[in-house]
Amino acid sequence: MAAASSCIACNGTADEKEEKRKCELIGYEALPEWLKDNEFIHGYYRCEWPMKETILSIFSIHNETLNVWSHLIGFLLFLCLTIVTAMVIPRNGSSSRSSGSSTAYQLGDLVEMAKANMTVALRHEALAACFLLPPSAAAASAALSEDGQQIPTSCPPNTSSSHHHAIQIQGSTGNTAATMDAAGTGTTAADPITRWPLFAYLGGAMVCLLTSSACHLILCHSERTAYVTLRLDYAGIAALIATSFYPLAYYSFLCDRALQRLYMGSITAMGAAAVTASLVPAFQAPQLRPLRAALFSCMGASGALPIAHKLLLYGGTAPGAVASAGYEALMGALYALGVAVYAARVPERWAPGRFDLVGHSHQLFHLFVIAGAYAHYLAGVEYLKWRDVDKC
Ligand SMILES: [Zn+2]
């Protein structure tokens with residue numbers, strides 16, 4: 001390939017390799033056709049470097065450095081969010097409101113959360129004793145919180161060993177938790193809504209961000225590597241879009257299993273079709289590009305339907321439905337803005353060569369994607385706050 005012949009910094013003949021071991025950054029004009037993507041970025045390209053040097057280039061400066069790191073840091077951010085979400089146990093102890101959307105969450109304060117969770121666990125043990133032990137033994141049992149405060153263990157009426165089947169004891173999975181009312185008398189047994197739809201979304205986001213980062217790092221190694229990693233990148237995007245629907249469909253239509261199944265089944269089928277379209281070579285024909293673009297666009301745009309449906313059902317009665325829709329609208333706006341910048345290739349179009357290392361459109365696109373994905377996570381938290389309190 002004529003164009004590729006100039007790309008010999010690391011990939012020339014054996015003699016040339018011996019003479020020229022050092023990998024060099026080259027200009028746009030020297031790239032082979034398969035690496036030419038944006039003519040407004042003039043320099044700092046890696047081209048067909050050996051895999052080891054390609055991977056180690058994560059620590060050097062080139063025009064993909066910030067693209068690699070932005071999504072790698074985004075991946076780590078979502079990993080932290082996953083851990084934080086797994087640690088949060090809702091409490092209604094600080095509020096005496098019997099309904100509404102204001103379950104107390106300690107999101108963002110890990111120390112407070114850990115302490116609170118420990119206290120809840122101790123209280124839970126004390127409450128369990130009311131059901132499992134004879135009344136006299138239960139009254140004698142006491143638990144102390146971390147700061148030495150005594151956890152009230154007075155048993156609610158009608159609790160005895162014969163009623164132990166009436167509560168679910170919290171398992172190691174943390175799926176259920178007993179909580180106390182405002183007076184700490186232990187009469188409320190809250191059962192947090194399942195978290196799996198939100199974890200599915202967090203997983204989809206992490207897969208997307210990690211594959212994207214890897215794609216930007218090693219794509220330049222060879223034409224074959226570019227082909228494989230770009231397919232994986234598309235599949236990651238499809239996974240992100242599909243899993244984004246799970247919290248929306250699951251929590252919004254919690255009280256109508258038929259609707260819930262309809263929406264979740266539809267997006268799962270569309271997601272599977274999009275991942276297949278991304279991976280199967282037959283779908284990669286250039287003439288099918290509009291079909292692929294339409295598939296991704298339809299998937300994203302179809303989110304408007306369940307959001308509108310949710311607002312129709314709960315817009316006037318559930319603040320959580322409105323708050324989550326607000327974050328979902330923010331997410332849509334951020335994604336749309338990102339795609340617009342990506343497609344327009346600004347600002348490098350206005351000053352070609354000026355933004356090669358910092359500030360070109362793809363870097364801005366990555367930031368919009370992370371911001372949009374984070375907005376969607378906040379929508380997920382709103383769903384938990386809503387559905388932990390308001391069940392069917
Ligand atoms: Zn990218």
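Figure 1. Which residues does Ala205 touch, not counting residues up to four places away in sequence? With that exclusion, Ala205 touches Phe78, Leu240 and Ala373, where contact requires C-beta atoms, placed from the backbone, to lie within 7 Å. The structure is a predicted model, in which local features need pLDDT of at least 70, side-chain atom pairs count only at pLDDT 80 or more, and totals for chains, interfaces and linings use all residues. Residues are numbered from 1 along each chain as its sequence is written. Ala205, Ala238 and Ala249 have the most contacts inside the largest nonpolar core, which has 50 residues. A nonpolar core is a set of buried Ala, Val, Leu, Ile, Met, Phe, Trp, Tyr and Cys residues joined through C-beta atoms within 7 Å. At least two residues of this core come from each of helix 4, helix 7 (196-218), helix 8 (223-252), helix 9 (257-279), helix 12 and helix 13. Helix 8 gives the most, with 14 residues. Another core, of 15 residues, lies apart from it and includes Cys23, Leu31, Cys215 and Leu219.

**Figure 2. The chain and its annotated spans.** The secondary structure comes to 13 helices and two strands; helices (H or I, at least four residues) and strands (E, at least two) are DSSP runs, numbered from the N terminus. Of the 392 residues of the chain, 37% count as buried, that is, with 20 or more other C-beta atoms within 10 Å of their own, whereas exposed residues have 12 or fewer and partly exposed ones fall in between, with C-beta atoms placed from the backbone. Among contacts with a separation of 6 or more, 66% join residues 24 or more positions apart. The unreviewed UniProt entry lists "transmembrane region" for residues 68-89, 198-219, 234-255, 262-282, 294-313, 325-344 and 364-384. UniProt positions are given in the numbering used here, feature names are shortened, and annotations may be inferred rather than shown by experiment. Residues 234-255 are 86% helix and 0% strand, with end C-alpha atoms 34 Å apart. For residues 294-313, the values are 90% helix and 0% strand, and the end C-alpha atoms lie 29 Å apart.

**Figure 3. The annotated binding-site histidines.** The unreviewed UniProt entry applies the annotation "binding site" to His216, His362 and His366. They span 151 residues in sequence, yet no two of their C-alpha atoms are more than 11.4 Å apart, so they gather at one spot. His216 lies in helix 7 and counts as buried, with 24 C-beta neighbours inside 10 Å. Not counting residues up to four places away in sequence, His216 touches Glu64, Asn67 and Val68. His366 is placed in helix 13 and is likewise buried, with 24 C-beta neighbours inside 10 Å. With the sequence exclusion of up to four places, His366 touches Asn67, Ser70 and His71.

Figure 4. Two packed helices are described by the angle between their axes and the distance between the axes. The axes of helix 4 (residues 65-87) and helix 13 (residues 361-389) come within 9 Å and cross at roughly 10°. Helix 4 is therefore roughly parallel to helix 13. Axes are lines fitted to C-alpha atoms, for helices over the stretch in contact, and angles run from 0 to 180 degrees between N-to-C directions. Angles under 35 degrees count as roughly parallel, over 145 as roughly antiparallel, 65 to 115 as roughly perpendicular and the rest as oblique. On the helix 4 side, Leu66, Asn67, Ser70, His71, Gly74 and Leu81 meet His362, Gln363, His366, Leu367, Ile370 and Tyr377 of helix 13. The residues of this contact of helix 4 with helix 13 comprise five nonpolar, seven polar and no charged; Ala, Val, Leu, Ile, Met, Phe, Trp, Tyr, Cys and Pro count as nonpolar, Asp, Glu, Lys and Arg as charged, and the others, Gly among them, as polar. For helix 12 (residues 319-344) and helix 13, the axes come within 8 Å and cross at roughly 170°. Helix 12 is therefore roughly antiparallel to helix 13. The contact of helix 12 with helix 13 has 20 nonpolar, seven polar and three charged residues.

**Figure 5. Backbone geometry in two loops.** Most residues other than glycine have a negative phi, and most peptide bonds are trans. In the loop between helix 12 and helix 13 lies Arg345, whose phi is near 55°, a positive value. Arg345 is buried, with 20 other C-beta atoms within 10 Å. Pro347 is found in the loop between helix 12 and helix 13, and the peptide bond from Val346 to Pro347 is cis, with omega near 15°. Tyr44, in the loop between helix 2 (14-19) and helix 3 (51-56), has a positive phi near 65°. Tyr44 is partly exposed, with 17 other C-beta atoms within 10 Å.

Methods: Contact = placed C-beta atoms within 7 Å.
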